[in-house]
Amino acid sequence: MADVAMFPLGAVLFPHTPLALRIFEERYLMMLGRLLEDDDPQFGVVLIERGSEAGGGDQRFAIGTMARITNVMAAERDIHLIAVGGSRVEVSQWRDDDPYPTATVRELPALVWDDALTPLRNEAERIVRRVLSRAAEYAEVRWDPEIELSDDPLESSWQLAAIAPLGQLDQFRLLRSTTVGGLLRETIDLTLAAEPVLTTTADDAAFDQALVNLLEEDADTEDDDPDAAPDARPPAD
């Protein structure tokens, strides 16, 4: 157990994945100043369940990831930093947010790689890159479909979860994985489930709805048509 500075965000941070932040709130500028006094500055990142990133008063999920600061760049009115996701942690208790959020956390067990998972990892990469590339044809995506991944299979498994074009709740589900096999299988399943939505334009959706409406109108017209042929069957005895 350890008390650490926390940064609630509207996004999930995965292990071995970069995080870019723009720091402008006074409380987080103070937090960063204190962290940079350490030899190995780190803070915890958790996904916000309800509320917004700015101003506080948010509700937060309990599973997160430690972020190690690797680069800091000062601008005129804010500070930009780069961090990299490390170990996963679980919040045992939230402390006072004054002057910035802190919590008591415990480190979650690291996942263990098995070489027998190599074909599954390769399949996950193929699917994630394909769907990400298709999604990029319809809208802006966060990650380049050709982004380079780590040569380490465990690190790249986490990175595949990070670049998969999924919503934050699906990504949080992946973050909670207890095995690498489970992580890879869920990454595949969730990515394939998201593909139809990611590759449907607003025009496609409008056309589909218009077609449904037209068919329903035709069905109603047939039911109400006074000129429709009467039932030619003889009456039952």
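## Model and elements

Helices (H or I, at least four residues) and strands (E, at least two) are DSSP runs, numbered from the N terminus. The model is predicted: local features need pLDDT of at least 70 and side-chain atom pairs count only at pLDDT 80 or more, while totals for chains, interfaces and linings use all residues. Residues are numbered from 1 along each chain as its sequence is written, and side-chain values use heavy atoms, with hydrogens and water left out.

## Largest pocket

The largest pocket holds about 210 Å³ of space. A pocket here is an open set of points on a 1 Å grid over the protein atoms alone, where a 1.4 Å probe fits, with protein on both sides within 12 Å along at least five of seven lines; lining residues have an atom within 4 Å of a point. The volume is the space filled by probe spheres set on the points, which are joined across faces, edges and corners.

Its lining has 15 residues, and Val-141, Arg-142, Ala-164, Pro-165 and Leu-166 are the closest to the centre. H2, H3 and H4 each contribute at least two lining residues. By class, 11 lining residues are nonpolar, 2 polar and 2 charged (Ala, Val, Leu, Ile, Met, Phe, Trp, Tyr, Cys and Pro count as nonpolar, Asp, Glu, Lys and Arg as charged, and the others, Gly among them, as polar).

## Trp-143

Trp-143 sits in the loop between H2 and H3. Trp-143 counts as buried because its relative accessibility is 14% (buried is under 20%, exposed over 50%, partly exposed in between, with a 1.4 Å probe and protein chains only). Leaving aside neighbours within four places in sequence, Trp-143 is in contact with Thr-17, Pro-18, Leu-132, Ala-162 and Ile-163 (heavy atoms within 4.5 Å).

The side chain of Trp-143 also reaches the backbone oxygen of Ala-162 at 3.3 Å. Pro-165, 22 residues from Trp-143 in sequence, lies 8.4 Å away, C-alpha to C-alpha.

## Nonpolar cores

The largest nonpolar core has 33 residues; Phe-14, Trp-158, Ile-163, Phe-172, Leu-174, Leu-175 and Val-180 touch the most other members. Two or more core residues come from each of S4, helix H2 (118-136), helix H3 (153-163), helix H4 (168-175) and helix H5 (180-198). Apart from this core lies another, of 18 residues, among them Phe-7, Ile-23, Val-45 and Ile-69. A nonpolar core is a set of buried Ala, Val, Leu, Ile, Met, Phe, Trp, Tyr and Cys residues joined through side-chain atoms within 4.5 Å.

Beyond four places in sequence, Val-180 is in contact with Leu-111, Val-112, Trp-113, Leu-117, Leu-154 and Ser-157.

## Gln-59

Gln-59 belongs to strand S4 (residues 59-74). With a relative accessible area of 43%, Gln-59 is partly exposed. Not counting residues up to four places away in sequence, Gln-59 touches Ile-48, Glu-49 and Arg-50. The C-alpha atoms of Gln-59 and Leu-47, 12 residues apart along the chain, are separated by 9.0 Å.

Terms used
A polar contact is a pair of N or O atoms within 3.5 Å; within protein, one must be able to donate a hydrogen and the other to accept it, and residues adjacent in sequence count only if both atoms are side-chain atoms.
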